[in-house]
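Q: I would like to learn how to read side-chain pairs and strand order in a model like this one. Could you walk me through it?

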Amino acid sequence: MSSTSREAELSADRLGPSKITPLPARTAANAPAPQSHGIARNPGMKLDLGFMESMRSVNRSALERRVASLTKRRSIKADNQAAWLLRAVACMDLTTLNSNDTEERVRRLCAKAVNPFRRDIVEGLDITGEKIRPAAVCVYHPFVATAVDALRGSGIHVAAVSTAFPHGLTPLSTRLQEIEASVSDGADEIDVVIPRGLVFAAKWQELYNEIVAMRAACGEAHLKVILGTGDLATLRNVMLASMVAMMAGADFIKTSTGKESVNATLPVGLAMVRAIRAYFEETGYLIGFKPAGGISTAKASLDWLVLMKEELGRRWLEPDLFRFGASSLLTDIERQLEHHLTGHYSANHRHAMA
């Protein structure tokens with residue numbers, strides 16, 4: 001986006017150096033990951049179609065080249081790799097969203113979140129006493145109260161997928177009632193789904209109004225807006241939907257439900273984090289990012305961490321601004337950490353999830 005075309009879309013009273021804020025200063029590499037929501041919440045802004053118009057041109061080839069250079073240029077090995085993998089765990093939303101979920105399964109998953117690594121791995125890495133845990137456990141609404149009870153006192157958040165997950169096609173009043181019910185049961189993060197048809201029809205005001213209503217229903221709970229990027233067809237749609245969600249007050253924007261045929265991909269993620277950067281430069285508010293769906297290997301998690309570090313900086317490697325939506329990722333990370341210590345890979349069943 002050129003500065004000339006950008007300025008053409010803005011009225012004179014919105015121009016000036018105060019609107020362009022530098023990215024946050026780097027924090028120490030060993031700074032502890034905060035376990036609470038510690039940043040100023042995004043209050044949203046009026047729907048600005050001129051701002052959106054300035055963001056609509058997306059060069060897929062350039063994004064793909066940038067992603068290829070990121071993943072090939074860096075090689076993270078040995079102790080450094082172990083440290084990055086521990087960071088990935090700290091930024092994880094440990095998730096179970098299956099039709100056969102039960103209260104007992106959710107309780108076991110919460111127990112895994114509280115103690116994510118076997119004792120021999122903890123001792124081998126010399127992280128005894130370090131509370132390296134997933135940032136949240138993500139469940140369907142019927143299991144929110146169970147997760148809240150199981151995680152009480154742990155500092156781990158409870159996220160609920162609401163608003164007729166994964167399609168988001170029930171009446172808005174029904175979706176808002178589901179959000180309110182999840183908050184009432186103790187969820188402090190709500191992952192909502194947008195109706196993709198509003199994006200295809202370019203009904204930006206209607207989409208904006210729906211997300212504003214969802215944000216209001218969340219109250220103090222943080223709002224993560226799922227775009228369903230695999231269904232949106234183009235990176236332009238992804239970019240514009242990202243901007244509308246942030247303008248409407250989203251605390252996080254999220255790629256996928258995990259139920260689409262195509263879920264989180266790095267080019268889509270790059271488009272979304274550049275939308276986050278543009279919104280930050282415009283408003284000064286930091287928006288979180290959550291890729292979800294298909295991220296099941298330790299190597300994939302490293303690619304996403306490198307993307308965040310290179311594009312948005314060190315501040316976006318903390319769990320209040322970055323999350324993985326993952327179910328099997330923790331198992332592979334634990335296997336990689338054991339390989340780091342012993343030189344051997346173990347079977348998946350030695351790292352039980354739930």
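Q: Let me start with two residues: are Phe 280 and Trp 316 buried or exposed?

A: Both Phe 280 and Trp 316 are buried. Please keep in mind throughout that this is a predicted model.

Q: How many aromatic pairs does a search of the whole structure find, and how is such a pair described?

A: In general, two numbers describe a pair of aromatic rings: the distance of the centres and the angle of the planes. Here, searching the whole structure gives five aromatic pairs. Your two residues make one of them: the ring centres of Phe 280 and Trp 316 are 6.1 Å apart and the planes stand at 90°, so this pair is edge-to-face. The partners come from distant parts of the chain, 36 residues apart: Phe 280 belongs to helix α12 (residues 266–283), while Trp 316 is in the loop between α13 (298–312) and β8 (324–326).

Q: What about Phe 289 and Trp 304: what sort of pair do they form?

A: Theirs is a tilted aromatic pair, with 6.0 Å from centre to centre and 40° between the planes. Phe 289 is in strand β7 (residues 288–290) and Trp 304 in helix α13, so this pair ties together parts 15 residues apart in sequence. Phe 289 and Trp 304 are both buried. They also belong to one aromatic cluster, together with Phe 322 and Phe 324.

Q: Which charged residue sits over the ring of Phe 252?

A: That is Lys 224, whose charged end sits over the ring, 6.0 Å from its centre. Remember Lys 224, as it comes back in a network of salt bridges.

Q: Good, let us turn to salt bridges, then. How many does the structure hold?

A: There are 29 salt bridges in the structure. An α-helix has 3.6 residues a turn, so residues three or four places apart point the same way. Now look at Arg 107 and Glu 103: both are in helix α5 (residues 103–114), four residues apart, or about one turn of the helix. Their side chains meet in a salt bridge at 3.8 Å, N to O.

Q: How accessible are Arg 107 and Glu 103?

A: Arg 107 has a relative accessible area of 37%, which counts as partly exposed. Glu 103 is partly exposed as well, at 42%.

Q: Where do Lys 254 and Asp 191 lie, and are they buried or exposed?

A: These two residues form a salt bridge, with the closest N and O atoms 2.9 Å apart. Lys 254 is in strand β6 (residues 252–254) and Asp 191 in strand β4 (residues 189–193), so the pair ties together parts that are 63 residues apart in sequence. Lys 254 and Asp 191 are both buried. Step back, and you find them in a network of salt bridges that links Asp 93, Glu 189, Asp 191, Lys 224, Lys 254, Lys 290 and Arg 323.

Q: Several strands have come up by now. What is the order of the strands in the sheet?

A: Reading across the open sheet of eight strands, the order is β7-β6-β5-β4-β3-β2-β1-β8, with parallel pairing. At the edges are β7 and β8, each of which pairs on one side only. Neighbouring strands are turned against each other by 25° on average, direction ignored. For a closer look, take β3 (residues 157–161) and β4, which pair in the parallel sense over three bridges. Ala 160 stands opposite Ile 190 in β4.

Q: Which residues of helix α7 are buried, and what covers them?

A: In α7 (residues 144–151), the buried residues are Val 144, Thr 146, Ala 147, Val 148 and Leu 151. Their cover includes α5, β2 (136–140), β3 and α8 (172–184). Just after α7, have a look at Gly 153, which takes a positive phi of about 85°.

Technical notes:
Residues numbered from 1 in each chain as written. Predicted model: local features only at pLDDT ≥ 70, side-chain atom pairs only at ≥ 80, totals over all residues. Heavy atoms only, no water. Phe/Tyr/Trp six-rings, centres within 6.5 Å; stacked < 30°, edge-to-face > 60°. Helix = DSSP H or I, 4+ residues; strand = E, 2+ residues; numbered from the N terminus. Buried < 20%, exposed > 50% of the residue type's maximum accessible area, 1.4 Å probe, protein only. Lys NZ or Arg CZ within 6 Å of the ring centre and 35° of its normal. Salt bridge = Lys/Arg side-chain N within 4 Å of Asp/Glu carboxyl O. Pairing = 2+ DSSP bridges. Axes fitted to C-alpha atoms, helices over the stretch in contact; angles between N-to-C directions. Contact = heavy atoms within 4.5 Å.
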